[in-house]
Amino acid sequence: QTQKQVRQAQFKLVLLGESAVGKSSIVQRFVKNSFDEFRESTIGAAFLTQSIKLTGDDLGESLAPAEEGFDDGLIVKFEIWDTAGQERYRSLASMYYRNAQAAVVVYDITQSESLEKAKYWIKELQKQASSSILITLVGNKLDLKEERQVSEESARSFANELGLLYFEVSAKSGENVQELFKQIALKMPFKA
Ligand code: GDP
């Protein structure tokens, strides 16, 4: 039995949000499946890639049927730009999101002020990024539920009103992190 080839696609994803909300930790969980309590802050921007495989069942009708000799799945490669949230890097961030196909805007569910920052970034994206960019609002630190300052309902309804995807995750426990990236991948308009 010959090994079937798998179709591939890649896209650029940028992470935005206030510093210390856990952007780098989410990427580290996704890419290395690890968490580091004392990691150093990202300066400027960091670039990482990670691929996931979507199966034919995941994809349903969203992709044309595979040609002869090809697997019915799709390998999706994320090119992830993790930007520093500090004010002084704001203009740098715009360089990254200008030609990104997806943006993940992160806030910390235990810091309501970080949701206000996220709202700022969403406005920026809607003004400056491609009009077809897929924006996902992510509430991180779900493991600290007892300390939450933002209710899931209020954040989710805000995201719904703007037509954004919404996820709550924990980079620390890993809860929902794979699912977040899988659902983003499934929403990308791949042509195959
Ligand atoms: P960034 O500046 O947005 O990239 O944030 P970091 O990834 O550097 O994380 C900032 C701090 O929050 C670090 O001390 C992390 O260990 C911590 N942190 C990140 N994600 C989580 C999480 O899901 N739960 C908890 N409890 N702490 C987290």
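A residue counts as near a molecule if one of its heavy atoms lies within 4 Å of that molecule. In this predicted model, local features need pLDDT of at least 70 and side-chain atom pairs count only at pLDDT 80 or more, while totals for chains, interfaces and linings use all residues. Residues are numbered from 1 along each chain as its sequence is written, and side-chain values use heavy atoms, with hydrogens and water left out.

The ligand has 19 residues around it, of which Ala20, Lys23, Ser24, Ser25 and Asp143 come nearest.

| Residue | Distance to a ligand oxygen atom |
|---|---|
| Lys23 | 2.9 Å |
| Lys141 | 3.1 Å |
| Ser170 | 3.4 Å |

Taken alone, the ligand exposes 580 Å², and the protein buries 88% of that area; accessible areas come from the Shrake-Rupley method with a 1.4 Å probe.

Helix α1 (residues 23–32) supplies three residues, the largest share of the shell around the ligand. Helices are DSSP runs (H or I, at least four residues), numbered from the N terminus.

Two packed helices are described by the angle and the distance between their axes. The axes of α1 and helix α6 (residues 177–187) come within 9 Å and cross at roughly 85°; axes are lines fitted to C-alpha atoms, with angles from 0 to 180 degrees between N-to-C directions. Therefore α1 is roughly perpendicular to α6, a term that covers angles of 65 to 115 degrees. In the contact (heavy atoms within 4.5 Å), α1 contributes Ile26, Arg29 and Phe30, and α6 contributes Val177, Gln178, Leu180 and Phe181.

Notes:
Polar contact = N/O pair within 3.5 Å; in protein donor to acceptor, adjacent residues only side chain to side chain. Helix = DSSP H or I, 4+ residues; strand = E, 2+ residues; numbered from the N terminus. Parallel < 35°, antiparallel > 145°, perpendicular 65-115°, else oblique.
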